[in-house]
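Hello,

Here is the structure we discussed handing over. My notes follow below it.

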Amino acid sequence: MTAQRRYSSSESLRMGRLIGSGLLLTAALVATVTIPELRSELVGEGTEGTLTVSSCEAHTKTHYGTHRRSTELQFSCTGNWTAQHGESSYRNIEVDTSSRFETGSKIPVVQVDDSFEQPQDRDPGDDAAILALCLAMLAAGIYCLLTGFGSRNGPDFTTSWRRLPTPTVTGPLVGGLFTLGLLAALVCAFAL
């Protein structure tokens, strides 16, 4: 006969619930910051215009991986920006680009608030992936909050799963929400 372990230690359950609350709060905070940027990218907010290049400078950005290091060549072009409909213009604007442009070249640039970007740099994929990860964090936070899972000496995953209220409904709902968040984040990060 096997005895089922009981986790009556209110301290470990409270710690797991605190972790769940932290996950929920973090997901809400990150989503609050990400949603306006994503909305701006999807709606296409900003003023379209043209940058007349006066100079371009090259600089490198080093990426460190687990087994190797790679260096990416990036460019910053400076010039005068004019709105498409002649509404406004700015002098000595710097824009990060992926290639070098000759002096006098005209490139499309979008002004959003106080920043200037090329239209192709405003893709919504990264922000949508962050928002989808917030969905997965929300599901993990709900799970920890309901079961106390996540503390050092608390219940393991299987025991916590059995402690869900109405586990035949709540389990698939929380698990499906978590899976949907992770899959949507992968799709957004690589396909958009």
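The buried residues of helix H2 pack against helix H1 (10-43), helix H3 (157-162) and helix H4 (167-191). Buried here means under 20% relative accessible area, with exposed over 50% and partly exposed in between (1.4 Å probe, protein chains only); contact means heavy atoms within 4.5 Å. Helices (H or I, at least four residues) and strands (E, at least two) are DSSP runs, numbered from the N terminus.

This is a predicted model, in which local features need pLDDT of at least 70 and side-chain atom pairs count only at pLDDT 80 or more, while totals for chains, interfaces and linings use all residues. Residues are numbered from 1 along each chain as its sequence is written, and side-chain values use heavy atoms, with hydrogens and water left out.

H2 covers residues 125-147 and spans 33 Å from its first C-alpha to its last, close to the 33 Å expected at 1.5 Å a residue (the expected span is 1.5 Å times one less than the number of residues). Among its buried residues are Gly125, Asp127, Cys134, Tyr143 and Thr147. Just after H2, Gly148 has a positive phi of about 80 degrees.

There is one disulfide, a pair of cysteine sulfur atoms within 2.5 Å. Cys56 and Cys77 form it, with their sulfur atoms 2.0 Å apart. Cys56 is in strand E1 (residues 47-64) and Cys77 in strand E2 (residues 69-83), so the pair ties together parts 21 residues apart in sequence. Both cysteines are buried.

The sulfur of Cys134 is 12 Å from the closest cysteine sulfur, in Cys188, too far for a bond. Cys134 is buried at 6% relative accessibility, and Cys188 is buried at 14%.

Regards
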